[in-house]
Amino acid sequence: ITSSGYKDFLPFWFPAGNALTFMSNRASRNGGSKFYGMTIAIDPNTGRAAGPPRAVTTDEVSVMGFPSRDGKLIAYVTALRDSIKVVPSTGGTARFVAEVADPSPPRWHPDDKSLVFSSPWHGPNSNWYRVAVTGGTPERTEHAPFLGSLHVHRDRERTPRHLELRDSTE
């Protein structure tokens, strides 16, 4: 889908299946080690690129996250892994959402008004959080509703700890 000579990774599909968001060092020029958020249009009939990759963040990123369900915004984690921002999928000015230590790729809550993520991203002590897209203090939650009609539930009362998938009626 992309040309060689660059480090392109961590792709996420747009919900319509017509584009990908990903991280790349191609905006760094000359194979630099700075990574930026990119998008690339995909022809759904052929699965091939329908245009060149486009840089959408001016910030360096450590994790390019998921696009919103309407495809208008993309959430990402800054290069210092200390905050979450959202940027228009066509590029432009990013908006600060929250200061967070080492968050996972932010996922859109089905209400499209908040983001869900875990922090710290790696390790046995990570917790799920939810924060409004307009910004604010992340709130800890037991549920991470981002898997369609299913959500992840972390049971803290049972030993050993485990994860369950539950539907909205539970």
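Phe-9 has a relative accessibility of 35% and therefore counts as partly exposed, the class between buried (under 20% relative accessible area) and exposed (over 50%), with a 1.4 Å probe and protein chains only. The model is predicted, so local features need pLDDT of at least 70 and side-chain atom pairs pLDDT 80 or more, whereas totals for chains, interfaces and linings use all residues. Residues are numbered from 1 along each chain as its sequence is written, and side-chain values use heavy atoms, without hydrogens and water.

There are three aromatic pairs, counted where ring centres of Phe, Tyr or Trp (its six-membered ring) lie within 6.5 Å; planes under 30 degrees apart are stacked, over 60 edge-to-face and the rest tilted. In one of them, the rings of Phe-9 and Phe-35 have centres 5.2 Å apart and planes at 75°, so this pair is edge-to-face. Phe-9 belongs to strand β1 and Phe-35 to the loop between β2 and β3, 26 residues apart; strands are DSSP runs of E of at least two residues, numbered from the N terminus. Phe-35, at 17% relative accessibility, is buried.

A tilted pair joins Phe-12 and Phe-66, with 3.9 Å between centres and 40° between planes. Phe-12 also lies in strand β1, while Phe-66 is in strand β5, 54 residues apart.

Elsewhere, four strands form an open antiparallel sheet in the order β9-β10-β11-β12, where pairing requires at least two DSSP bridges. Strands β10 and β11 pair over six bridges. Val-131 is in strand β11 and is buried, at 2% relative accessibility. Its C-alpha atom is 7.7 Å from that of Val-97, 34 residues away along the chain.
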